[in-house]
Each structure stands twice: as C-alpha cells, then as structure tokens.
Amino acid sequence: MNQPMKRVITVTPNPAIDLSYHVAGITPGASHRVAAPLSRAGGKGLNVARVAHQLGHPVLAIAPSGGTAGAEFAAELRSSGVPHRLIPVAADTRRSIALVDTVGGETSIFNEEGSPLQLSEWQALAAAVVDALEVGNQDGQSAGVLVGSGSLPPGAPADFYPALVRLAHDAGIPAVVDTSGPGIVAAARAGADLLKPNNHELLDATGESSLAVAARRLIALGAKTVLVSAGAEGMLAFHHAAPGGYWSARLPEPLSGNPTGAGDAGVAAAAVALANGMTGITDIPEILRRATAWSAAAVLMPAAGEISPLYADLEDQLILSWKETR
C-alpha cells in the first residue's frame, strides 16, 4: 500500500501581488504601451507552493495578508486552488513589478520593500506554522518539509528564519530556507537542511569571492546542503558529507525567457524531494537534477509560480558532473 505524499509547507513573511508586464522592447525615458499585466498572489514561498501544487504534490502556503491589496491577494489565491492559510494584518500587502522585455530578452524587477508587522501579527504567523506542523490535516497528509522563503519586512524578528528551522526540527522534518543577507547566515547557524541562494546572494552574504568557498562557509556554520543558482553555469550542489567538491548541473545552452521565479521552482523541486524522504548524500545528484530542470522550465513561462510541461525533457538534456575543489 502506497504511503500518502507528505505536505510541503511554505512560509512567506513578505508576500506580494506580482504584476508581470510584457513589453516589446524597453527604451529608458520613453513611454511604452502595454497590455494589462498578469496579476497573481506571489512572493517566493507562494511561488514554491504553486509549482509543487501544479505537479500534484500536497502543499500548504502560509503568509500574512492585509489592506486593499491584501484582499486582492487573497481573492487570487483562493481562485488558484493552492491550499493556503492567510494571517490578517493591518499593513497593506506590497506589490512586485516585473517588466519582461520580449525583444531584448531581459527582465527588470521592481520590489516594494513591504510594511512592518505588529508583534501580535508575527506571533499569529508563528502560531499558524506550529499548528500546521502539529495537527496535520484532515486528509491524513502530514508535514514533510518546512520552507521559509523570501525577504523580511522592516522590523522583522532577527531570528525569524532560525526559528523556522528549529520548529521544523522539533517536528522531525527538514527545513529549507531561501533568503539573502544576514538571514541566510543565521539559517545556516541554526542547522538548515538546505539553503538555496543564487550566486550573488551567496557571495554578498558571506563576503567571499568564490562560490565554493562561500558555500563551504555556510556548511561550516551548520547548513547540511547548499544549492546555488549560478546563471549560465546552471546550478551547483554542496553537501556537508562531501567536502572534496560539488555537483554541477546545466543545460547545453542557456534558455531565454522570464527568469522570475526560476529559483523558486528549484526550491519546489528540492522541497518535494526532501518531503518524500530524499535526505541522504546519495540523493543529492537527483535533487540537483530535478531542481535544475524545474528551474529551467520556469524560465519558459510568462510569470513566476509555474513551470513548463517540458521540464522532463529538459531534465534529460542536463549535463551533470562532479567537480573537485582544493
């Protein structure tokens, strides 16, 4: 008898309404006529949940939502069918704007910072996570992994992501964190099972000039695995039990499209794998393969939070290799 799939629980402390405009060429300082944008409830954790849900994996997305924008956010999320729990807050939900230049092949992103939450609202958000981890769900799908993704609004608790790691470990499940700056270092110190920065975030957070050195620094602090989106180099995977090098996965040629949300799709692949028991060193190449393929498949879609059905074909094209470091 097959065991039920375990749920991917995502936490997005600073969600946004994502607006994606597609423009046939952008001229700085000029006016541009565009079609109505694609508008959807977003933020990195929401994108992770959307991708996993698209491929049939059980999810629960947890996020705060407030104000007029928050009502729009909640309505779109309800219509999406993605299982979720929203925490009412006083502050307006922020917006994020992506300008996709269909001629130049580049995407420019404008992220509002977000507004501070009240202490009671942070406590309510934490309580929702605890409830999701402890009580499970009526359909019998228990939590398999806890994912914390994205930036923090101003005034957020400094230990927000380390606290999520501790909650996951107290519940006996892995913790995945995808953030930047001091937050990723703090999550490493807390023993996160998987960190997912991009190359710029990794170097900025650690102050190192080498991706390998920077990833190993996070592992030395306590992280188990570090997946790094490295642009044209594809994706790299570092593991605490493989100190002599790292795995690399890339396509023969880079894809053109909209990279917004590509990293989130990679996180979704890793989270689904961890939720279903792929937690050993021998699983890392397969996790990397899936994460790279899902990330590439996201580039082919018009907006974040979904991947192309070509993800399996892309996975077959990947060049996977082991690279030794000194």
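Hi everyone, thanks for coming. Please keep in mind throughout that we are looking at a predicted model.

Let's begin with the charged pairs. How many salt bridges does the structure hold? There are ten. I'll take you through some of them.

My opening example is R50 with E76, where the closest N and O atoms sit 2.4 Å apart. This pair links distant parts of the chain: R50 belongs to helix 1, residues 44-54, while E76 belongs to helix 2, residues 67-80, and 26 residues separate the two. Is R50 buried or exposed? With a relative accessible area of 8%, R50 is under the 20% cut-off, so R50 counts as buried.

Now have a look at helix 9, which spans residues 284-299. Here the side chains of R290 and E286 meet in a salt bridge, at 3.1 Å from N to O. Because R290 and E286 are four residues apart in this helix, about one helical turn separates them. R290 is partly exposed at 27% relative accessible area, and E286 is partly exposed with a value of 27%.

D159 and R166 give us another bridge, with 3.6 Å from N to O. D159 is partly exposed at 40% relative accessibility, and R166 is partly exposed at 41%.

Which residues are linked in a network of salt bridges? Those are K44, D178 and D264.

Let's turn to nonpolar residues, beginning at the surface. L255, L300 and L310 form a nonpolar patch there, and together they have about 220 Å² of accessible area. If you want to find L255 on the screen, go to the loop between strand 13 (245-250) and helix 8 (262-275). L255 has 34% relative accessibility, so this leucine counts as partly exposed.

And now the inside. As a reminder, nonpolar side chains tend to be buried together in soluble globular proteins. In this model the largest nonpolar core has 52 residues, and the members touching the most others are V8, V145, L227, I287 and W294. Which helix gives the most to this core? Helix 8 does, with eleven residues.

Leaving aside residues up to four places away in sequence, I287 touches L227, A270, A273, L274 and M278.

Methods: Residues numbered from 1 in each chain as written. Predicted model: local features only at pLDDT ≥ 70, side-chain atom pairs only at ≥ 80, totals over all residues. Heavy atoms only, no water. Salt bridge = Lys/Arg side-chain N within 4 Å of Asp/Glu carboxyl O. Buried < 20%, exposed > 50% of the residue type's maximum accessible area, 1.4 Å probe, protein only. Patch = residues over 30% accessible without salt bridge, like charges linked within 9 Å, V, L, I, M, F, W, Y side chains within 5 Å. Areas by Shrake-Rupley, 256 points an atom, 1.4 Å probe, with all protein chains shown as cover. Core = buried A, V, L, I, M, F, W, Y, C linked by side-chain atoms within 4.5 Å. Contact = heavy atoms within 4.5 Å.
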